[in-house]
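Hello,

Here is the structure we talked about handing over. Please open it and keep it in view while you read.

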Amino acid sequence: MKKQRIQTVVTTLVMAAFFIGVLFWMNTPEKKAARFVYENGKTLSDLLDQERPIPAELSGKYYNAWDGEHPMDEFILDTRGNTYYGCYYSPDDVPLAFQNAQIPLTEDGQGRWRWEGEGDNYGVTQKLADCWYYFEASL
């Protein structure tokens, strides 16, 4: 009887650890950005392509439009210290550095690019869907 209780407790703890791990994995900034694009990307793309305003409930924490050779619409979804996470819409479907800074990107494979700015500024961008990219920027 005691052995069965121990097995039950161990099994429960293992299952709880597994589910907690899955929850943390699903809530990474990259997964949040992918969900944001999956849930809102089509609506946002249509609004942006028609040059209509972005409703506050769809803007994330911050919304910024950046001009340049290839314009971008950036949605900051989370910040942690000096690091910003989110996604951006690139109507030309071109990967870009944070805030459309004119910094070269270096592709490191599988649809992911890195950039390095002045000082200790750096970041990554990764393609999520047509015209949509995830970003991390540490400043």
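Below are the main findings, starting with the cores.

Keep in mind that this is a predicted model.

The largest nonpolar core has 15 residues. Leu44, Ile54, Phe75, Cys87 and Trp132 touch the most other members. Helix 2 (29-49), strand 3 (83-89) and strand 7 (132-138) each give two or more residues to this core. Helix 2 gives the most, with six. Look at Ile54 next. Beyond its neighbours within four places in sequence, Ile54 is in contact with Leu44, Leu47, Leu48, Ser59, Tyr63 and Phe75. Apart from this core lies another, of eleven residues, including Trp113 and Tyr133.

Now the rings. The structure holds nine aromatic pairs. One of them is Tyr63 with Phe75, a tilted pair at 5.1 Å centre to centre, with 40 degrees between the planes. Tyr63 is in strand 1 (residues 62-66) and Phe75 in strand 2 (residues 72-80). Tyr63 is partly exposed, at 28% relative accessible area. Phe75 counts as buried, at 0%.

Tyr88 and Phe135 form a tilted pair too, 6.4 Å centre to centre. Tyr88 lies in strand 3 and Phe135 in strand 7, so this pair ties together parts 47 residues apart in sequence. Tyr88 is buried, at 0%, and Phe135 is buried, at 3%.

Is Ser90 buried or exposed? Ser90 is buried, because its relative accessible area is 0%, and the cut-off for buried is under 20%.

Best wishes

How values were computed. Residues numbered from 1 in each chain as written. Predicted model: local features only at pLDDT ≥ 70, side-chain atom pairs only at ≥ 80, totals over all residues. Heavy atoms only, no water. Core = buried A, V, L, I, M, F, W, Y, C linked by side-chain atoms within 4.5 Å. Buried < 20%, exposed > 50% of the residue type's maximum accessible area, 1.4 Å probe, protein only. Helix = DSSP H or I, 4+ residues; strand = E, 2+ residues; numbered from the N terminus. Contact = heavy atoms within 4.5 Å. Phe/Tyr/Trp six-rings, centres within 6.5 Å; stacked < 30°, edge-to-face > 60°.
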